[in-house]
Amino acid sequence: MTEMISYCGLLCNECPAFIATQTNDDQLRDKVAKKWSKMFGFDLKAEDVNCDGCQSGSDRLIGHCQTCAIRKCGMEKHMENCAHCDDYGCQTLESFIQYIPHARKRLEEIRENI
């Protein structure tokens with residue numbers, strides 16, 4: 001599976017919702033739904049676990065990805081991801097990746113190689 005880096009630096013292809021969708025694995029969908037329902041305190045059904053990835057252009061996105069301000073901004077600016085943006089480190093991105101050091105590290109590595 002090809003690496004799909006989201007706008008914020010997460011790897012979509014490591015997300016269990018993405019994997020369940022791409023492999024059409026209903027058992028994994030059920031596992032994800034139960035785990036995320038418990039983790040995030042909302043009722044997620046297995047049939048709702050469908051995602052083609054942040055940059056797929058598909059309407060099949062899971063949870064927060066459907067309304068993500070970072071994704072929306074990246075799409076509007078036609079960026080590969082936030083590492084390529086002149087406004088890198090903006091408040092919208094920072095408020096999210098401060099809690100996800102591996103996403104920050106990935107974006108920093110991309111910036112170093114641009």
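**Figure 1. N24 sits in the loop between α1 (16-22) and α2 (26-40).** The model shown here and in the other views is predicted. The backbone of N24 has a phi near 50 degrees, a positive value in a residue other than glycine. N24 counts as exposed because its relative accessibility is 56%, and the cut-off for exposed is over 50%.

**Figure 2. H78 lies in the loop between α3 (69-76) and α4.** H78 is not a glycine, although its phi is positive, at about 55 degrees. The relative accessible area of H78 is 72%, so the residue is exposed.

**Figure 3. The protein is built from five helices and zero strands.** Along the sequence the order of elements is α-α-α-α-α. The C-alpha trace spans about 40 × 30 × 25 Å along its principal axes. The radius of gyration is 14 Å; a compact globule of 114 residues would have one near 13 Å, so the two values agree. Of the contacts with a separation of 6 or more, 48% are accounted for by residues 24 or more positions apart.

**Figure 4. The largest nonpolar core holds 19 residues.** Within this core, I70, C82, L93, I97 and L107 touch the most other members. The elements that give two or more residues to the core are α4 (91-97) and α5 (101-112). Helix α5 gives the most, with three residues. In soluble globular proteins, nonpolar side chains tend to be buried together. Across the protein, buried residues make up 39% of the 114 residues.

**Figure 5. I70 is shown with its contacts from elsewhere in the chain.** Leaving aside residues up to four places away in sequence, I70 touches Y7, C8, C82, T92, L93 and F96. Of these, C82 and L93 are listed with I70 among the core residues that touch the most other members.

**Figure 6. Another nonpolar core, of nine residues, lies apart from the largest one.** Its members include V32, W36, V49 and C51. W36 is also one of the residues touched by F42, which is the subject of the next view.

**Figure 7. F42 is placed in the loop between α2 and α3.** Is F42 buried, partly exposed or exposed? The relative accessibility of F42 is 40%, so this residue counts as partly exposed. When residues up to four places away in sequence are not counted, F42 touches W36 and S37. F42 and V32 are ten residues apart along the chain, and their C-alpha atoms are separated by 12 Å.

**Figure 8. K105 belongs to helix α5.** The relative accessibility of K105 is 53%, and the residue therefore counts as exposed. K105 and H84 are 21 residues apart in sequence. In space, the C-alpha to C-alpha distance between K105 and H84 is 14 Å.

**Figure 9. The surface and charges of the protein are considered together.** The protein exposes about 7300 Å², and carbon and sulfur atoms supply 50% of this area. There are 14 positive and 18 negative charges. The mean positions of the positive and negative charges are 5 Å apart.

Notes:
Residues numbered from 1 in each chain as written. Predicted model: local features only at pLDDT ≥ 70, side-chain atom pairs only at ≥ 80, totals over all residues. Heavy atoms only, no water. Helix = DSSP H or I, 4+ residues; strand = E, 2+ residues; numbered from the N terminus. Rg over C-alpha atoms; globule rule 2.2 N^0.38 Å. Buried < 20%, exposed > 50% of the residue type's maximum accessible area, 1.4 Å probe, protein only. Contact = heavy atoms within 4.5 Å. Areas by Shrake-Rupley, 256 points an atom, 1.4 Å probe, with all protein chains shown as cover. Lys, Arg positive; Asp, Glu negative; His and termini not counted. Charge placed at Lys NZ, Arg CZ, Asp CG, Glu CD. Core = buried A, V, L, I, M, F, W, Y, C linked by side-chain atoms within 4.5 Å.
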